[in-house]
Protein chains: 2
Amino acid sequence: MILIKLGGSIITNKEKPLSARRKTIEKLAKSLKKIDEPIIIVHGGGSYGHYWSVKYDMHTKEKKYDLRGIAIVKNSMIELNKIILDLFLKNKLSPYCLPPTDFMMGNKPIQKKIKEITKIAKSGLVPVTYGDALWFGQKKTYILSGDKIMTHLAKTLKPRLVIFALNEDGLYSDLRSKKLIYELKGEQPSISENKMDVTGGMARKVEEATKISKMGMNVFFVNGNKSERIVKAVKNRKFEGTLFRGKKNV
Amino acid sequence: MILIKLGGSIITNKEKPLSARRKTIEKLAKSLKKIDEPIIIVHGGGSYGHYWSVKYDMHTKEKKYDLRGIAIVKNSMIELNKIILDLFLKNKLSPYCLPPTDFMMGNKPIQKKIKEITKIAKSGLVPVTYGDALWFGQKKTYILSGDKIMTHLAKTLKPRLVIFALNEDGLYSDLRSKKLIYELKGEQPSISENKMDVTGGMARKVEEATKISKMGMNVFFVNGNKSERIVKAVKNRKFEGTLFRGKKNV
């Protein structure tokens, strides 16, 4: 089983509020269709969820956020999700939408529900989930990022390969020269800041990817604009991006 | 707490595939806004979900249905749901979308998740769920009707009043004369058949409403085109529709 995150920066134009990159999503769908293994898709919020989260000052911390803000963030994520579902369907994938409320209770993942997701994927359907504003309890809500969902799912489902599709070739040892790190072995990659991202941007992705690789799984950062690289990585032909090699620290 | 079902026949034009009745939904939203108690909304599939369920021969029975059919039925429900969420938002309600996968595991309701829905409603958000195609397990799926969801939610949450908004004034003792039954006391209402409805139409609604009233709750069938009648019923001013009076059979 392959767990794939479609980053908000690749499926939307992060510079422009509420703009989905439909052609990129279609190309991604066409590549995903070529994968013969069960896949699970997680997507980010990009210029949908993040745009509104910033406007309503909502974060990953549990708090009593504005009710209207919650409703608007959630609605914008459904809108982005619907675009992805439609384009998946158009490209012969059979998506099965699972907003994260399916497998979360407060801020805790529900193991039984997460285990069911693999079964859904193995039936031939493609489970699709996403970062979202979620009910926490005691009148509080929070933003659950797609990256955090990746860790929750990876931990329980132990996918053969975990992929983050980004708007970059991978991690760079130097941002200016864009020198690609093919395999991250403890060094500190050069990362830019993004104020539009309430869930932590690239630094957060590196953090979650490191956690997952420490659980023993290979994690691969790849350029989603070159979606054939995803197929190549899945088929073990070539890893053109940054690999976090899985190591069990037993 | 008030539990309200917006029937597929009222929020869509059942005669015409994939046609939402936006003006009716807006009027309903405006009336719902006038209710001072926590409310939970369930909606049906109408000419969205039912249209595709019929096309792909999908029913409430758990079976290995066509994967593409599942994806298409689900997608159409997200589309209809999104229209409702948007119009709720536009009319100053703060919807909180909970597709039924949130509180279902196979075909069993998850009590802990259902209990959380009241808390969400009490925070001021309006939980919105709907009839949907759902994963059952062992590669099987099934259609969970909005009416069935009403029974699941009522059983656990014991709302003060349960309302079904229909495209009729209520139940009739005679379909031709449209003589309204103001209170159903065991008699057999006159019900028409609808082949477009894979989840059982009016007969199913009567069945679920009877179950709920036997659990001790008042159930009220009302014409959703006259949405002020919902407000009047909630405020105990007038019940212009059909009432199933709640009786505990202890």
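Hi everyone, this is a short talk on one hairpin in chain B and on the interface of chain B with chain A. Please keep in mind that this is a predicted model.

Let's start with the hairpin. Strand 7, residues 132-137 of chain B, pairs with strand 8 of chain B in the antiparallel sense, over five bridges. If you'd like a place to look, find B:Ala133, which stands opposite B:Ile143 in strand 8. Two residues lie between the two strands, and B:Gln138 in that turn has a positive phi of about 45 degrees.

Now to the interface. On each side, 40 residues are involved: 40 of chain B in contact with 40 of chain A. The size of an interface is often given as the accessible area lost when the parts come together. Between chain B and chain A, the buried area is about 3,500 Å², and carbon and sulfur atoms give 65% of that.

What about charges? There are two salt bridges between the chains. In one salt bridge, the side chains of A:Glu79 and B:Lys82 meet at 3.2 Å, N to O. Polar contacts across the interface come to 16 residue pairs.

Which parts of chain B touch chain A? Helix 4, strand 3, strand 4, helix 5 and our strand 7 each supply at least two residues. Helix 4 gives the largest share, with 13 residues. By class, that side of chain B has 21 nonpolar, six polar and 13 charged residues.

Definitions and conventions: Residues numbered from 1 in each chain as written. Chains lettered and ligands numbered in written order. Predicted model: local features only at pLDDT ≥ 70, side-chain atom pairs only at ≥ 80, totals over all residues. Heavy atoms only, no water. Pairing = 2+ DSSP bridges. Helix = DSSP H or I, 4+ residues; strand = E, 2+ residues; numbered from the N terminus. Contact = heavy atoms within 4.5 Å. Buried area = accessible area lost by both parts, 1.4 Å probe. Salt bridge = Lys/Arg side-chain N within 4 Å of Asp/Glu carboxyl O. Polar contact = N/O pair within 3.5 Å; in protein donor to acceptor, adjacent residues only side chain to side chain. Nonpolar A, V, L, I, M, F, W, Y, C, P; charged D, E, K, R; others polar.
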